[in-house]
Structures are given as C-alpha cells and as structure tokens.
Amino acid sequence: GGALRASWEDLGMPMRVSWGDLVRMMILHSDNATPDLLLNELGAKRMVAARKLFSGFHDIPAAISAMFGLWNSGTGVSGTGDRIADEYGSFGVKGYQKELGSFFKSLKTATAVETNRASLCVRPPWESGGVCDPPLPGPGPEAVLRLVNTYFMRSTTRAYADLMDGLLQETLLSADVGAVVRPILEPWLDAFPDLQSTFSRVGFKAGSLATAQGSEVLTCAHYMQLVGGQRFVVAVFLQGLSSTENAPASGDVNAFALHFAATPAFRETVKATLGEADARPEVIGQILKLKRQGKNNVKLRGRAENTGPNPIGSFVVRLYVSDDNLLDEGDALLATAKVKRLKANRGKNFTIKGRVAGGAAGKYLLMRVDDDDVLSEQDEANNLLWERIR
C-alpha cells in the first residue's frame, strides 16, 4: 500500500538501514514488512514471551505478508490462500499459524518471490513499477467480514487501552527496553512543535483494514500526558471511514484523542455519551493441537480465555464432526469438556478425545466454546473454530 516506498524515501533512500529505522518506519507508516521481518527473525518463542508481558491480547499473529494469500483468495499462489482459509477457522488454530508462518518464510527465497510476485506484489521500492501488474482485486464486504471475524487478532478497546496505560505508566516494559521503544512511539512532539505547549508526552499506534469500496476499518490507541502532569489513554475502533491519516494534525481520530485529553468539557461529553464500560463476559477459544490417532480416534488440546473484565462461571466446550466447516443439525457430537470458573484475563487448557465412526481423515473437527450459551457475551459470533483432520 505504498508504506515501504514512503518509509524508504523518508529515510533518504538508503540501501542499508538499522533495526531502529525499520521499527520507527513501522510506527510512522504502518509498514507491515517490519513486524513480519521481526517475527521471522526473533522466532515464535520470543513472540510468546512478549505476549506474556500483557494478558489482554490473544493469539500470536501469523505474518501479515502471508495473510495476502488469504486476502487475494490464493490468486497466483496455487490456491494456497483458499485451501488454508478452508481448513482452519481462526488465528486461534495453531495449525493455521504454522502454515502461514511457513508460507512467509518461503518468501525469503528468490524462486518463491518470483512465483508469488503477481499475487503478493513483493517489489522493493527502488525497482520500477510501483503497483502490481495486473492490479490485485481488493477484498469485498464479505471477505472483509470473514477476515475480521475469524482471521484477525481478537482484542478489545479495553485491551488496547490497558496496553497504552502500561506504556504511559512505564510498568509494561523494563527500563532498558522502554528507553528504546519510547522515542519510536513518541515522535509527535518533535514533528508538531505546536503541541509542546499542551503535552509533555504523546504516543500512539494505529492500524487499518482497507476495503475494495474505499472505506476502512481503523484501530487507534493513544497515550498522552499534559504539561501539568495529567495522563490520558484513548483507544478507538472505527469503520466505514472514507480515509484516514496517521498524523496528530490530520483532523481525524488523532485530533479527537488530543482534544479529549486537553478539553475537559469535550471529555465529559464523550464519557457521558459512551456510558458505562461493557461488563459482559467474552470468551475466546483456541485449538492448540489436533492429532489423529489411528483411523478413527482424534485428540484435541484446546484453550479457553476469559477476556472480559470480570470473573465468569463454568461453561462447556463441545466438539463436533462434520463434512464441512459449518455447524448444523446433521453434524455428530464427538465429545464435551467443562471449563470451570475463569478470572478476568485468564484462561485454561483442556484435552478432549473422541472416536469418529467411519474414519476421521478429511473430516472437519468443529469446536464451539460456551455451547450451551450460558454466558451473555460481548460477541456471540466468534465461538466456533474448526480444523480439518489430516
């Protein structure tokens, strides 16, 4: 989307850059090549360790570059995207993460780059031809809904706000790591000197999902400290936007956040309009490992997480066997597990075994969290996960 070229030009068009330059451009221009590179270089174990710093996030994301295999329905990549999207139902399925991770790693080879160039448009900015040829089809409304509901990280405004609060209070990161991260997240007072009379710190990170219709879904989280010492955090999810910009002076969500912190009357109006925070529970499921044992038996290791603000009571998780990835009346119940009381932002692992009559290979294993619907959740549409049995 032009982020790589914008970053390169912003740095003076060098042929060598530092890791700090890469991360700074990632923040400034949402250059997704950088987190992909970091994920690939650091490895999943370090990503898991980083996740443990903060309990509000779920799922270790697969490489964003690999997502384009799904985004473009596998065009030019031998149907890889279509197959993966069909066999796995979410980021919460570890097999899905592993497949996309392998796909991304293959893009380091010259042969794979040439093979996938048409669908991924992997072209460095110093080469001619800044757009894909032929042009890639953008995702339509149905594709965007599918990606948002099943394949993107599942978090909440509360999780984003808590993360920003940890950065603002300097309790999330160690002092040496914070010294590296802080100037990368907080370039705005130098870039916009007129803000210095009001703010002593301003940091934020935004992300967006563009659609073929030209609208966008945006997540944007800010942390700010006024010159007088008062601190604020603002996390915003928006959709249906015609355009967005990532500069504090752009007049959109950034101006909203700054105005929220600096103007008490506006702040009270916003708080009154939003009302109380959503206290309903929210349970997220994960398929950690699915293994076929012999012809008929399957063993699943799963996890359920309470991402809501309060403890919740027990609920059940059920496994079904199906010929497709849709749960309907014709699907056979395989097994049931009971998950006991969960504290806020805590989860539990469980293991379920079952026997599939007639053979398991090629069937779909469907896992539904809170299958009795005893919890009145914030989102009731994300309780079903699946993986094809191999």
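Tutor: Gladly! Keep in mind that this is a predicted model. Its largest nonpolar core has 31 residues, and those with the most contacts inside it are Leu300, Phe315, Phe350, Leu365 and Met367.

Student: Which elements each supply at least two residues of this core?

Tutor: Helix H7 (94-106) does, and so do the strands S4 (283-293), S5 (297-306), S6 (315-322), S7 (332-339), S8 (346-355) and S9 (364-369). There is also a second, separate core of 20 residues, which includes Phe199, Val202, Cys220 and Phe260.

Student: What is Leu365 in contact with, leaving aside its neighbours within four places in sequence?

Tutor: Its partners include Leu290, Leu300, Leu319, Leu334 and Ile389. Tyr320, Trp386 and Glu387 are among them too.

Student: Why is Asn254 called buried?

Tutor: Buried means under 20% relative accessible area. Asn254 has 1%, so the word applies. This residue lies in helix H13 (residues 253-262).

Student: And what makes the link between the side chains of Asn254 and His222 a polar contact?

Tutor: The cut-off for such a pair of N or O atoms is within 3.5 Å. Here the value is 3.1 Å, so the pair is inside that limit.

Student: How do you know that the buried residues of H1 line one face of the helix?

Tutor: In H1 (residues 3-10), the buried residues are Ala3, Ser7 and Trp8. Seen down the helix axis, they fall within an arc of 130°, so they line one face. They pack against helix H2 (19-29).

Note on methods:
Residues numbered from 1 in each chain as written. Predicted model: local features only at pLDDT ≥ 70, side-chain atom pairs only at ≥ 80, totals over all residues. Heavy atoms only, no water. Buried < 20%, exposed > 50% of the residue type's maximum accessible area, 1.4 Å probe, protein only. Helix = DSSP H or I, 4+ residues; strand = E, 2+ residues; numbered from the N terminus. Arc of directions from axis to C-beta. Contact = heavy atoms within 4.5 Å. Polar contact = N/O pair within 3.5 Å; in protein donor to acceptor, adjacent residues only side chain to side chain. Core = buried A, V, L, I, M, F, W, Y, C linked by side-chain atoms within 4.5 Å.
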